[in-house]
Amino acid sequence: MTDTILCIDIGTSSLKAALLPDNLKKSPIFVSRQTFPKKSFTEHNSALFYLPALKAALSELRQKNPDYAIEAICVSGNGPTVISEDGRTFLHDETPSLKSDWPNDSIKSTKSLFIPRFAAFKAIYPASWEKSSFVYGTPEFLLYELTGESLSILPEESFLPAYWTAEELIACGFSDNDIKKIPPFKKMGAFAGRVSEKAALATGLLEGTFVFAGAPDFVVALLGTGTVLPGRLCDRAGSSEGLNLCTSKPIFATGLRTLPSVIPGLWNLSYLLNSSQSLGDHREHSLYENSSLGENSSVDAVRNLSELSHGINLLKEAALSNGEYFPDSMTITGGQALDDELIAQKEEVTGLKIKKMPCADAELIGDLILARVALGDFDDVTEAVFGLIGM
């Protein structure tokens with residue numbers, strides 16, 4: 001019997017789950033991808049399908065890997081989203097936030113990614129806002145469904161400007177009652193609760209199993225690819241795509257985005273590929289489902305490779321001109337990591353050696369890292385990265 005962490009990552013259209021052991025290089029890795037019904041996206045209620053999708057994923061994983069035991073669970077997901085307490089109203093990350101339409105200048109000028117979403121949800125779905133004791137993000141809603149506990153995940157203190165404070169919410173016109181609907185922060189990797197009796201009956205999980213808060217998907221992807229030291233570079237290439245370079249100091253350059261790293265004192269310099277929007281969803285679905293890419297895929301791929309090369313050049317120029325190290329390799333994660341032909345093409349246009357992870361979805365490895373730190377197996381995430389993936 002092998003002890004594993006049940007790692008779960010929720011996207012806009014699907015849930016991915018894996019039972020990950022500590023020895024990722026010697027143990028077979030099975031990932032289950034469960035797609036939500038198409039109508040749930042247009043009806044804004046896909047959160048209702050999180051538990052059924054998890055139940056189906058567990059059933060598939062048990063068939064593929066019967067010799068396992070679930071020691072704990074860790075949940076990550078995309079965002080920013082806002083979900084009502086009953087799960088029947090969902091303002092997803094592709095819904096316009098209406099930021100430019102608000103008369104409140106504080107909302108127009110805020111650096112927060114979430115406050116405009118809260119304001120939009122309140123304006124578009126006033127009844128759902130009023131009847132919800134709490135509203136949730138994507139991973140936070142599944143954590144609530146599993147444990148009955150309410151929280152908001154904050155990756156690290158330096159991310160606070162992109163989230164919210166009570167003072168900024170008040171400045172943006174939110175009342176005290178409104179603010180009470182937003183669950184308090186817990187750090188990524190924090191204990192979220194135990195699997196409830198209700199959740200156990202709904203999913204087949206063991207009641208009382210420890211559940212830990214993961215982080216936003218891009219954060220756990222950085223952890224899962226080992227992009228936690230200056231000079232580490234990853235290509236997060238799923239239904240959307242971004243290049244991420246860890247740096248020792250903030251670097252600002254045209255066409256690039258600068259954010260704090262998940263490691264205090266470090267920074268993340270990134271380039272987002274616009275061309276991946278036309279390539280992404282269809283390619284990722286085809287790779288997981290073994291279906292055809294279609295007639296337009298070659299055109300999309302050429303455009304994507306050209307922009308990838310451009311992004312690498314921008315990152316390299318910005319890093320070297322600021323005294324930062326730029327590597328000769330990068331790690332790839334996401335659906336495109338399943339396509340060896342595409343990886344070879346990326347190596348050719350970038351001049352970089354591309355490394356694959358034991359699990360193509362490094363978000364799930366990031367969940368494993370956070371859970372193992374939370375369980376006390378490692379002192380911090382950097383140690384866990386080296387201990388679990390050797391990077």
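This tour visits a set of paired strands and then several cysteines.

The model is predicted: local features need pLDDT of at least 70, side-chain atom pairs count only at pLDDT 80 or more, and totals for chains, interfaces and linings use all residues. Residues are numbered from 1 along each chain as its sequence is written, and side-chain values use heavy atoms, with hydrogens and water left out.

**The strands**

Helices (H or I, at least four residues) and strands (E, at least two) are DSSP runs, numbered from the N terminus. Two strands pair if DSSP finds at least two bridges between them.

Select residues 241–247, which form strand 12, together with residues 267–272, which form strand 14. These strands run antiparallel and are joined by 6 bridges. Within this pair, Leu-245 stands opposite Leu-269 of strand 14.

Strands 13 and 14 form a hairpin with 6 residues between them. In the turn, select Gly-265, which has a positive phi of about 90 degrees.

**The cysteines**

A disulfide is a covalent bond between the sulfur atoms of two cysteines. The criterion applied is a pair of cysteine sulfur atoms within 2.5 Å. A search of the whole structure finds 0 disulfides. Select Cys-246, which is in no disulfide: the nearest cysteine sulfur, that of Cys-234, is 9.8 Å away. Cys-246 is buried, with a relative accessible area of 1%; buried means under 20% relative accessible area, exposed over 50%, and partly exposed in between (1.4 Å probe, protein chains only).

Cys-359 is buried, with a relative accessible area of 1%.
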